[in-house]
Structures are given as structure tokens and as C-alpha cells.
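Please look through the sequence and the model shown here before reading on. The paragraphs after it go through a few places in turn.

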Amino acid sequence: MEKLAPEQWLRPAVLDMSAYHVPPPGDAIKLDAMENPFAWPGALPESLRAEWAAGLAELELNRYPDAAASELSVALRDWLQLADNTGLMLGNGSDELIQLLMIAAGNGCVMAPEPTFVMYRHLALCCGLEFVGVPLNADDFSLDLPAMLAAVEREQPKLIFLAYPNNPTGNRFDRDAVLQIIQASPGLVVVDEAYAAFAADSLLDALPSHDNLLLMRTLSKIGLAGLRLGLLAGATRWIEQLDKLRLPYNINTLTQFSAIFALRHRQVLDEQATLLREERQRLFVALSERSDAQVWPSEANFLTFRVPDAVQTHQRLLDEGVLIKRLHGAHPALEQCLRVTVGTAEENQRFLHALG
Ligand SMILES: *Cc1c(COP(=O)(O)O)cnc(C)c1O
């Protein structure tokens, strides 16, 4: 029997896409992926670290996890103050929830403004859906509301993703524009609040009054990227259906325990977020004062800025032991742009020093 080659076996959309590339950091200071720089559990007070470790030692990893993650769900509901009639489902990172939404949609169109989080496009194409990107205004990365509303009317998308604040641009879209898009959309609008801890607004309070709004959060950017825990909140009648597609044990026992523990001591994470917002302001001022850089205001834990030669600057920083993200080449609006994650005061100083 003649065998199929991968090129014959795979869908053209998959053959055309490039793999999601994560550069190995080596010994460099890692300011490329919006991680919290304060180690967990390393930066915890000694007593908390011991309590966490003792709890881990009691877990029974021979057993399957709690499939419903009941105790964790209660803790998350309490954290976000979710109303009783708001549904909640958990994912192995919000990436998994994005993928699950694509699988649930099955066919049709997925829409997002661009440039934005690359996973929306990537996972739509992985799952065989069509993706339509609507350009943001190039000067300040704000939503082009007339263009968005026209695209919604034309494409009737099943899913719209709005990162609030947006990655990789750092700005938060106009709240009223987002609400207008939700109202004009026949399908679901996912407001992705991965950076809520660093932002001045949230659409949590709009959930009860908007049946087609789903709100996504993650623990990744506030300090627990290694746990892989994301959540989706929305109208119960939607969440109940979507939850059927979730793999039964997607939140492992170690994650359930650690996330409950972290939420019980969330003051630690809140204080770190406060520090990072202050550091963001300091970095913003330092970059603004440079005549060779243009920096955009950010409500996330990173700053996007433009330099004369992004490839050269990126390499020079790497040579100096600082890894940031090169955005140049990812989208026309990001020409000569770089993105730096806000680190500790010391790391940020190292970055500024390496920048020269
Ligand atoms: C980082 C990021 C995510 C990914 O979150 P995980 O929970 O780590 O999968 C989702 N959305 C946006 C906008 C992000 O920047």
C-alpha cells in the first residue's frame, strides 16, 4: 500500500502555517513573555513556602484530579465576585479555552482586530475556521470602530476576540466601542482580560447584561504561568454547552491545589502587580525621554516601543544578556517595534542600561 506523505495528509491551512516558536532564553534576563519576575514559590515568605510544600506532599497523584475542580471554582468565583447565574469553566491556560471555542464553533468566521494576540488566528486556522483580521488604527492602536462594525455586518462572525488590554500593543480599547461591538455581533464576543491586574478597567460588570459576552482571565501574567490555568465566565446557557467539549481532567491536581493556595494568599500577587505597575511607569518615562524611541502607553505588564532599527537593537540587547520580544516583521503596523516585559527594578535597570 502506498503511504500518504504529510503534504497529502494535512489540510492546506496547516501546511501553510508556521509552528509557534518559543526562543530558548539561555542565561539572558527574560523580558519577552510577560511573566511575573517574582519567583513562585521562591519569592514567598518562608512560612508560606513551607505550608505550600507540605500541602503538595499530601496530594494523591495516583488518583485522577477532581474533574469539576469544585473547590478551585469556588475560590475563583469568590475572587471575581461572579454572580450565581454566571457560568464558569476552566482551561489549561486560556490558550486551551481559545482552542475549545474554535472547536465549538466548528466552522465559519473568527474575527479580531490586528495586531493582537497571535493565538486567535493560529488556533482558528488549526481548527479549520476562517480568520478575519481588522486593522487597528496605526497611530495609537485604537479600535477602528466603523471598520469593525462593517466587518461584523459583512462576515457575521461566530466569534470575536478582543484582548482588553491588547497584546502586543499594551493599550486598552475604548470601553464603549467594545460594548457597541458586543451589541452588534450575532455570535459570541470573547473579551480576553489576561492583563486585568495591570489595567484600569474590566468588563466583568457587563457580564450579567450581555448574553453573548464571554470574559476570559488567566493566572499566567499575575505570577503563575507555569500552573497553566485560565477561565471563561459567561451566561450559564453558553458555558454549559461549551463545557461539554472540555477534556474531563484538564486541570491537574497540582494546579488545583496550588491555585487554591495562591488565591488564598492573593495579597502577595496583588502587591507584586502594584510594584509592576509602578515599574511600568518608571520604564515608560525612561523610554519616553529618549529621542530615538517612540513608546506607547500601556495598561499591561509590558511596553511596546519603536526604534530606528529593531533587529539590531534586539540583537544588541541579547548580546548584553537581555531577551525581549521582537515584534518587527509580525505585522505591518509593528514595523521597527519591540516589546519589553516589565521586570523587577533591577532587571528593568539592566534593560535600560543595555539599551544604551
Ligand atoms: C498571554 C496571553 C494569553 C495566554 O494565557 P495562558 O493562560 O498562559 O494560555 C491569553 N491572551 C492574551 C491576550 C495574552 O497576552
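Leaving aside its neighbours within four places in sequence, which residues is H331 in contact with? The partners are E114 and P115, where contact means heavy atoms within 4.5 Å. This is a predicted model, in which local features need pLDDT of at least 70 and side-chain atom pairs count only at pLDDT 80 or more, while totals for chains, interfaces and linings use all residues. Residues are numbered from 1 along each chain as its sequence is written, and side-chain values use heavy atoms, with hydrogens and water left out.

H331 is found in the loop between strand 12 (325-326) and strand 13 (337-341). In sequence, H331 and P115 are 216 residues apart, but from C-alpha to C-alpha they are 6.3 Å apart in space. The side chain of H331 also reaches the backbone nitrogen of A333, at 3.0 Å. This pair is a polar contact, that is, N or O atoms within 3.5 Å; within protein, one must be able to donate a hydrogen and the other to accept it, and residues adjacent in sequence count only if both atoms are side-chain atoms.

Next come two pairs of helices. Helix 5 (residues 94-105) and helix 6 (residues 118-126) pack at an angle of about 40 degrees, and their axes are 9 Å apart. That angle makes helix 5 oblique to helix 6. Axes here are lines fitted to C-alpha atoms, for helices over the stretch in contact, and angles run from 0 to 180 degrees between N-to-C directions. Angles under 35 degrees count as roughly parallel, over 145 as roughly antiparallel, 65 to 115 as roughly perpendicular and the rest as oblique. Helix 5 contributes D95, I98, Q99 and M102 to the contact, and helix 6 contributes M119, Y120, L123 and A124. By class, this contact of helix 5 with helix 6 has 6 nonpolar, 1 polar and 1 charged residues. Ala, Val, Leu, Ile, Met, Phe, Trp, Tyr, Cys and Pro count as nonpolar, Asp, Glu, Lys and Arg as charged, and the others, Gly among them, as polar.

In the second pair, the axes of helix 7 (residues 145-155) and helix 8 (residues 175-184) come within 10 Å and cross at roughly 10 degrees. Helix 7 and helix 8 are therefore roughly parallel to each other. Their contact is made by L145, M148, L149 and V152 of helix 7, together with A177, Q180, I181 and A184 of helix 8. It has 7 nonpolar, 1 polar and no charged residues.

The loop between strand 5 (159-163) and helix 8 holds P165, and P168 lies in the loop between strand 5 and helix 8 as well. The peptide bond from Y164 to P165 is cis, with omega near 0 degrees. The bond from N167 to P168 is cis too, with omega near 15 degrees.

A polar side-chain atom of D192 lies 2.5 Å from a nitrogen atom of the ligand. An oxygen atom of the ligand is 2.7 Å from a polar side-chain atom of R228. For S94, a polar backbone atom is 2.7 Å from an oxygen atom of the ligand.

How values were computed:
Helix = DSSP H or I, 4+ residues; strand = E, 2+ residues; numbered from the N terminus.
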